[in-house]
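Here is a short note to read with the model open beside you. Take the points in order and find each residue as you go.

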Amino acid sequence: MQDWKTILVGVEFTDRSQNALTEALRLADQRDAAVHVMHVIETLVVSDIQQMLRQPLDELKAGVEDDAKRRLEQMINYVHPGGYRLLDEDGSARAWSDSAPVTAEAKVGVPADDLLKRIDQLRPDLVVLARNSTSNPEGGAGMYAIRCVRKAPSDVLLVRENHEGKYRRVVACVDFSEHSRNAILEAARI
């Protein structure tokens, strides 16, 4: 089992991201790892809103970030130790342990760029993202996830939509590198 001590989860406010967060918290619980949850609001969206409302950009940006942070904390509380229960392998319910600290960050920026910057700063052992694209959920991994997989110096786990309970199939992609070896070992462990 790899020694993951820090897990970074990039989320949107979607069911897909909630599944990714749930999986990250499950892995953190198993390994006593810290979890950092990050949501980035697209700068262009905030600029468009600012033009419509004619509100000072800094004021609007702060308000949007505060609102996103509140929503992010609600999302975390929904799936975190405060009452959420996971199913064990045998189907019995158990509570999360309180051992894994969770921090949250919401900011305005460019999602993939800012997530990659945070990866460089935080140096997480694992990055967890939703696999599905928001624009084309049936089309596989979105551009945001693909870019992070290609550029992140950390291990990356893409969680598919509607994943619940025990895994039935695990796909480990290989290119015969050391990273591939780690992917195979982790896939076998899962």
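In what order do the elements of the chain run from the N terminus on? They run β-α-β-α-α-β-β-β-α-β-α-β-α.

1. **Ground rules.** This is a predicted model: local features need pLDDT of at least 70, side-chain atom pairs count only at pLDDT 80 or more, and totals for chains, interfaces and linings use all residues. Residues are numbered from 1 along each chain as its sequence is written, and side-chain values use heavy atoms, with hydrogens and water left out.

2. **Overall make-up.** The chain has 6 helices and 7 strands. Helices (H or I, at least four residues) and strands (E, at least two) are DSSP runs, numbered from the N terminus. Of the 190 residues in the chain, 38% are buried. Buried means under 20% relative accessible area, exposed means over 50%, and partly exposed lies in between (1.4 Å probe, protein chains only).

3. **Contacts and surface.** Take the contacts with a separation of 6 or more: 73% of them are between residues 24 or more positions apart. A contact means heavy atoms within 4.5 Å. The chain exposes about 11,200 Å², and carbon and sulfur atoms supply 49% of that area. Accessible areas come from the Shrake-Rupley method with a 1.4 Å probe; for residues, only the protein chains shown count as cover.

4. **Strand S6.** Look at residues 126-130. Why is this strand described as largely enclosed by the rest of the structure? The reason is that 5 of its 5 residues are buried. Leu126, Val128 and Ala130 point one way from S6. Val127 and Leu129 point the other way, and all are buried.

5. **Neighbours of S6.** Strand S1 (residues 6-10) pairs with S6 in the parallel sense, over 3 bridges. Two strands pair if DSSP finds at least two bridges between them. Ile7 stands opposite Leu126 in S6. S6 and S7 also run parallel, joined by 5 bridges. There, Val127 has Val156 in S7 as its bridge partner.

6. **Helix H4.** This helix covers residues 111-122. Its 12 residues should span 16 Å at 1.5 Å a residue, and its end C-alpha atoms are 16 Å apart, so the two values agree. The expected span is 1.5 Å times one less than the number of residues. The buried residues of H4 are Pro111, Ala112, Asp114, Leu115, Leu116, Arg118 and Ile119. They pack against S1, strand S2 (34-42), strand S5 (102-109), S6 and helix H5 (143-151).

7. Side chains of opposite charge can pair when their charged atoms come close. A salt bridge is a side-chain nitrogen of Lys or Arg within 4 Å of a carboxyl oxygen of Asp or Glu. By this rule the count comes to 5 salt bridges. Glu105 forms one with Arg118, with the closest N and O atoms 2.6 Å apart. This pair links distant parts of the chain: Glu105 is in strand S5, Arg118 is in helix H4, and they are 13 residues apart. Glu105 counts as buried, at 14% relative accessibility. Another salt bridge joins Lys107 and Asp114 (3.4 Å, N to O). Lys107 counts as partly exposed at 25%, whereas Asp114 counts as buried at 9%.

8. Asp67 and Arg70 meet in a salt bridge (3.9 Å, N to O). Both lie in helix H3, 3 residues apart, about one turn of the helix. An α-helix has 3.6 residues a turn, so residues three or four places apart point the same way. Asp67 is partly exposed at 37%, and Arg70 is partly exposed at 47%.

9. **Positive phi angles.** Which way does phi of Asp32 go, positive or negative? Phi of Asp32 is positive, near 55°, in a residue other than glycine. Asp32 sits in the loop between helix H1 (15-31) and S2. Phi of Arg54 is also near 55°. Arg54 lies in the loop between helix H2 (43-53) and helix H3 (57-79), and is exposed at 71%. Just after H4, Arg123 takes a positive phi of about 55°.

10. **A nonpolar patch.** Val174, Phe176 and Ile184 make a nonpolar surface patch of about 350 Å². Patches are made of residues with over 30% relative accessible area and no salt bridge: like charges are joined within 9 Å, nonpolar side chains (Val, Leu, Ile, Met, Phe, Trp, Tyr) within 5 Å. Val174 lies in the loop between strand S7 (155-159) and helix H6 (178-189). Val174 counts as partly exposed, at 42%.
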